[in-house]
Amino acid sequence: MLFTGLYLVALGVGGIKGSLPPHGAEQFDETTPQGRKQRSSFFNYYVFCLSCGALIAVTFLVWIEDNKGWQWGFGMATATILTSIPVFLLGSPIYRTKIPAGSPITTMFKVLAAAIYNNCQSKNPSNAVRGMETSPSSNSTETSEGEESNTKVKVPSQTLTEDLKFLNKAIEGKPVSPMLQCTVKQVEEVKVVLRIIPIFLCTIMLNCCLAQLSTFSVQQAATMNTKIGSLKVPPASLPVFPVIFMMILAPTYNHAIIPFARKVTKTEMGITHLQRIGTGLVLSIIAMAVASLVEIKRKKVAVESGLLNSADSIPITFLWLALQYLFLGSADLFTLAGMMEFFFTEAPTSMRSLATSLSWASLAMGYYFSSVLISTVNKITSTFRHTPWLSGSNLNHYHLERFYWLMCILSSLNFFHYLYWANRYTYRATSSAD
């Protein structure tokens with residue numbers, strides 16, 4: 001029953017987080033500079049609102065669960081969600097809604113299937129002339145269906161581009177089935193989505209680092225002095241540090257950093273999406289290095305206090321962990337908001353919800369990769385040293401600092417990988433914002 005509830009929560013949260021950002025962003029007029037600036041602010045304040053909810057979760061709800069019971073915590077969360085439904089529906093008369101015009105996933109699979117089939121057919125000499133039967137330019141005047149005239153996004157080109165040329169085969173020759181009939185617009189839209197996939201993959205490592213905030217960092221706090229004066233802070237409330245910092249940084253970034261960057265660069269955006277994502281990746285590298293140094297200090301104090309083999313609290317304040325939380329919280333703000341806006345603005349109009357959902361897919365894959373990485377590290381280290389780095393009943397015997405250095409190295413390699421793809425990427429928009 002518990003797992004059924006958790007799976008339903010995951011399903012509901014996935015639906016909300018996948019559809020709410022694009023729905024909110026579509027409320028702004030992207031044909032004007034003011035509308036695009038407001039849309040950028042929306043993504044910043046969307047992350048700000050997520051942080052507000054997280055602040056309540058890691059403070060008030062944690063206190064309720066610790067002192068009143070878990071059933072009260074879950075009950076209050078359920079009541080809050082139920083209350084949000086009528087509040088959201090109150091805005092229905094004034095929302096700008098996009099009429100669904102088919103599944104973007106179906107379009108992607110159709111183009112890929114047609115391209116693969118036609119590429120295989122073209123290798124057969126008897127079918128070499130099939131590519132001459134249909135001219136790609138015959139579809140060059142297509143317009144998107146189901147789109148409002150004031151929310152149209154310019155398609156990169158109405159003729160086939162030269163990048164990802166194997167997809168151009170999708171519209172060559174007579175399709176083997178009417179279901180595989182593709183247009184130039186559909187082929188170009190799939191190309192846009194495929195071009196942002198490498199950027200998406202480069203963000204997974206950042207979320208792998210973020211996974212440590214809710215696992216090892218909480219375990220570290222449990223071994224340290226968690227008192228602030230007379231107040232004893234539960235280790236589960238430790239994420240309050242990045243949450244508060246994100247709540248401060250989000251409006252500061254929107255009202256101070258971005259206006260200053262616009263004046264310096266004399267561009268509409270000030271800081272491009274890819275620059276913002278890259279900044280987050282750099283901060284995650286620094287965070288892992290800081291985390292390793294803090295763990296070294298924690299174990300040093302444990303040795304000096306004779307508590308290395310003890311389960312008693314180590315006489316060092318848990319506020320040292322706030323350093324890594326602040327860096328990772330900043331990295332999350334820069335990268336999450338940057339990813340959502342990047343995927344939304346770069347993806348074709350019909351695929352925006354799908355593309356924006358990649359931000360949350362990156363988060364899920366990062367947490368999963370964290371589990372795989374920990375298991376792999378334990379398996380390898382137990383083979384060569386007979387003692388796993390990250391296993392045992394006493395955290396003081398872990399080699400957590402080495403694991404953090406490994407994460408730092410992997411994050412650095414991932415950043416160089418990101419630079420390769422970011423430098424090769426060309427924004428599909430043509431305005432000065434790019």
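# Salt bridges, aromatic pairs and a nonpolar patch

Glu 295 and Arg 298 both belong to helix H9 (residues 273-304), where they stand three residues apart, about one turn of the helix. The structure described here is a predicted model. In this model, the side chains of Glu 295 and Arg 298 meet in a salt bridge, with 2.9 Å from N to O. Both Glu 295 and Arg 298 are buried.

**Salt bridges**

Another salt bridge joins Glu 189 and Lys 185. These two residues are four residues apart in helix H5 (residues 184-202), which means that about one helical turn separates them. Glu 189 counts as buried because its relative accessibility is 6%, and the cut-off for a buried residue is under 20%. Lys 185 is buried as well, with a relative accessible area of 11%.

In total, the structure holds seven salt bridges.

| Glu 189 | Lys 185 | 2.4 Å |

**Aromatic pairs**

Phe 344 belongs to a cluster in which ring pairs link Phe 28, Phe 42, Phe 43, Tyr 46 and Phe 344.

The structure holds 19 aromatic pairs. One of them is formed by Phe 28 and Phe 42; it is tilted, with 6.0 Å from centre to centre and 50° between the planes. Phe 28 lies in the loop between H1 and helix H2 (33-67), whereas Phe 42 lies in helix H2, so the pair ties together parts that are 14 residues apart in sequence. Phe 28 is partly exposed, its relative accessible area being 23%.

The rings of Tyr 420 and Trp 421 are arranged in another way. Their centres are 5.1 Å apart and their planes stand at 80°, so this pair is edge-to-face; the cut-off for that class is an angle over 60 degrees. Tyr 420 is partly exposed, with a relative accessible area of 45%. Trp 421 is likewise partly exposed, with a value of 30%.

**A nonpolar patch on the surface**

The last feature concerns the surface. Ile 16, Leu 20, Leu 82, Ile 85, Phe 88 and Leu 89 form a nonpolar patch there, and together they have about 550 Å² of accessible area. Helix H1 (2-25) and helix H3 (70-89) are the elements that each give two or more residues to the patch. The largest share, four residues, comes from H3. Ile 16, by contrast, lies in helix H1.

Definitions and conventions. Residues are numbered from 1 along each chain as its sequence is written. This is a predicted model: local features need pLDDT of at least 70, side-chain atom pairs count only at pLDDT 80 or more; totals for chains, interfaces and linings use all residues. Side-chain values use heavy atoms; hydrogens and water are left out. Patches are made of residues with over 30% relative accessible area and no salt bridge: like charges are joined within 9 Å, nonpolar side chains (Val, Leu, Ile, Met, Phe, Trp, Tyr) within 5 Å. Accessible areas come from the Shrake-Rupley method with a 1.4 Å probe; for residues, only the protein chains shown count as cover. A salt bridge is a side-chain nitrogen of Lys or Arg within 4 Å of a carboxyl oxygen of Asp or Glu. Rings of Phe, Tyr and Trp (its six-membered ring) pair if their centres lie within 6.5 Å; planes under 30 degrees apart count as stacked, over 60 as edge-to-face and the rest as tilted. Buried means under 20% relative accessible area, exposed over 50%, partly exposed in between (1.4 Å probe, protein chains only).
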